[in-house]
Amino acid sequence: MKPTRRSFLRGAAAASVGAATGGAARASGDPAFAEIQPWMQELGDPVDAAPYGMPSEFEAHVQRKTVYWLTADPISSINFTPLHELDGIITPNGLCFERHHSGAAHVDPALHRLMINGLVDRELVFTMEDLMRFPRENHVYFLECAANSGMEWRGSQLNGCQFTHGMIHNVMYTGIPLRLLLAEAGIQTAGKWLLAEGADAAGMTRSIPMEKALDDCLVAFKMNGEALRVEQGYPLRLVVPGWEGNMWVKWLRRLEVGDEPWHHREETSKYTDLLADGKARRFTWEMDAKSVITNPSPQAPLTHGAGPTVLSGLAWSGRGTIPRVDVTLDGGKNWHQARMSGPSLSKSMHRFYFEFDWNGQPLLLQSRAHDSTGYVQPTKNALRELRGTNSIYHNNGIQTWHVKKTGEAENVEVS
Amino acid sequence: MSRFPDVLKALAAATLIAPAAFAQDAAEAPEGGFGLGRVATTEEVAMWDIDIRPDGKGLPVGSGSVELGEEIWSYNCAHCHGDFAEGIDRWPVLAGGEGTLSDDRPVKTIGSYWPYLSTVYDYVYRAMPFGYSQSLSPDDVYAITAYLLYSNYIVEDDFVLSNENFSEIAMPNEENFFMDDRAETELPQFTAEPCMTDCKEQVEITAHATVLDVTPEDGGEGGGGGID
């Protein structure tokens, strides 16, 4: 249990083609050779068929998915990035997971304003046109929901890395350093905190310490080169690198400077972490180092049988880069250093691979991230010993996949 | 260092003290700044700046009784949150759960968990009712807040909440929150060089996701423990 029916059939089809090919394809009637396919003979689409292109129809299964029972309704809810279908480190805009509190607001950019008020020398209002005249920067950052993997605190529950780890995306943002906008207003000496507020009906607010605001936060208007998607805060969102996704206020309309935090709903009732003794951590902003093997995984079984096998996964840390990931095939008895591939950027996803010769026997796969501060990703049990099982947020424990002889994979926990 | 000649800066400054009709002129360029945007009017700030802090900063003048709150509640809130704030179906439970925070299944409500009353006022005023935000008057929200205090056995049924007595209300769980301490309690423990070879003799599977079997095959229905 259970790759989707579709993915398993696809795998089976691929396996039979592989078996039939074996050096005598034409004789055995491999249709890839024996029949002239329509795309070999007929004309393809004209250049004006898709002014804004979509993926191949054969990739239609690569989709965000939701889990209806997680929330009371689909408006204040969550969906999941299909990590098991992606490679590299950049998440395509249309697949970036969504988390709304009053739905995805459709904001007219001509009527959008960004206000800065509070303990500033000049309370200001910016139009989108004004904002386009500030110096810009480009940075790749991961955005991880504080609740990513939160359903797994009590044990294995959801069968697939899309569901267990898919409240995350990683894109290149183009935006204005927040400190430039704040300098324009002039922060007064007593201004130690910033309240960011969204323009949607949830009026999302979070308190952010001024040191972070002046450090690396951005007010972003583009992702992966194009305008923010509606569901990602079009036309303007806050980027708070390395910190929990809730703080990345979408449809950003106001920044207030104050001398104390506001203790609003999303930093008291929500996004506080209840420990076993009934006390709760507040302001747990940073996302700890974490990793997951995306392939193989429950939604991406091994369909090729024994032999050369590519293990692939993602690792990230809210505190820096990921210089190293270890992987185990035997549930943690023995570990191997994975091969990092692609750019290593601070507070961004990193891609790792481990190529091995699968002997066809069951595997217990895990990955363990090391970040540039020396932090090593803990096991779930190590976290539970410190926090209990009711903290909902910030579960960065090591994930285990049980790969069976059939190649099917399951979300499990091991001793 | 300004990008604008002094004479332009002087002109920009002059507009700041000009009549309101000219208030939409460009902001004065701060030292080293760009002079982009414009000064927000007092009215504009008042329309958007509705946030409330635990010390009462931001509270509008007004008041509301438990009695009136119950009436407003029944029309605007009870169809999701229940007549007594006990919650209907999956909608949030707002009352009850006292003393459950260290239980196996804690019930986190305004009364049992929330540290500050200001958060109740702020959130109801900015974001409730769900689907019709900012439709309640300040007095309505005082009354609803009073009713929620009553539902949580924090005040009597003749209580009237106002901006005057708001700060006198202490929430039961305020003291049980503390600042993120991972830097002291977790990071040192998780920075040791880990074992690479022959780390354990036996490995047993202790939990299976497929036993619960709540993963949607194609985004379909399921059932299990949520995260909201």
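What is the volume of the second largest pocket? The second largest pocket has a volume of about 490 Å³. The structure is a predicted model, and chain A has a mean pLDDT of 94.

**Confidence in the model**

- In chain A, 93% of the residues reach a pLDDT of 70 or more.
- Residues 1–26 of chain A, however, have a pLDDT below 50. In the model this stretch has 36 contacts beyond near neighbours in sequence.

- The lining of the second largest pocket consists of 28 residues. Closest to the centre of this pocket are Q377(A), P378(A), T379(A), A382(A) and I398(A).
- Three elements of chain A give two or more residues to the lining: β22 (363–370), α9 (380–387) and β24 (409–414).
- By residue type, the lining of this pocket divides into 12 nonpolar, 11 polar and 5 charged residues.

**An enclosed helix in chain B**

- The buried residues of α5(B) include L117(B), V120(B) and Y123(B). D122(B) and R126(B) in this helix are buried as well.
- The cover over these buried residues includes parts of both chains: β8 (193–198) and β9 (205–209) of chain A, and α6 (138–151) and β3 (160–162) of chain B.

- The link of C195(B) and C199(B) is left-handed, with -100° about the S-S bond.
- Both partners are partly exposed: C195(B) has a relative accessible area of 37%, and C199(B) has one of 27%.
- C217(A), by contrast, is in no disulfide, and the nearest cysteine sulfur, that of C145(A), is 18 Å away. C217(A) is buried, with a relative accessible area of 1%.
- A disulfide requires the two sulfur atoms to lie within 2.5 Å.
- C77(B) is buried, at 10% relative accessible area.

**Backbone geometry**

- The peptide bond from Y234(A) to P235(A) is cis, with omega near 10°. P235(A) is found in the loop between β11 (226–227) and β12 (237–239) of chain A.
- Another cis peptide bond joins N295(A) and P296(A), where omega is about -5°. The loop that holds P296(A) runs between β16 (290–295) and β17 (307–316) of chain A.
- Y271(A) is not a glycine, yet its phi is positive, at about 60°. This residue is placed in the loop between β13 (252–258) and β14 (273–274) of chain A.
- D198(B) likewise has a positive phi, of about 50°, although it is not a glycine. The position of D198(B) is in the loop between α7 (182–185) and β5 (205–208) of chain B.
- Is Y271(A) buried or exposed? Y271(A) is buried because its relative accessible area is 4%, under the 20% limit for a buried residue. D198(B), at 63% relative accessibility, counts as exposed, since the limit for that class is over 50%.

Methods:
Residues are numbered from 1 along each chain as its sequence is written. Chains are lettered from A and ligands numbered from 1 in the order in which they are written. This is a predicted model: local features need pLDDT of at least 70, side-chain atom pairs count only at pLDDT 80 or more; totals for chains, interfaces and linings use all residues. Side-chain values use heavy atoms; hydrogens and water are left out. pLDDT is the predictor's confidence in each residue, from 0 to 100. Contact means heavy atoms within 4.5 Å. Helices (H or I, at least four residues) and strands (E, at least two) are DSSP runs, numbered from the N terminus. Buried means under 20% relative accessible area, exposed over 50%, partly exposed in between (1.4 Å probe, protein chains only). On a 1 Å grid over the protein atoms alone, a cavity is a set of points where a 1.4 Å probe fits but cannot get out, and a pocket is an open set with protein on both sides within 12 Å along at least five of seven lines; lining residues have an atom within 4 Å of a point. Grid points are joined across faces, edges and corners, and a volume is the space filled by probe spheres set on the points. Ala, Val, Leu, Ile, Met, Phe, Trp, Tyr, Cys and Pro count as nonpolar, Asp, Glu, Lys and Arg as charged, and the others, Gly among them, as polar.
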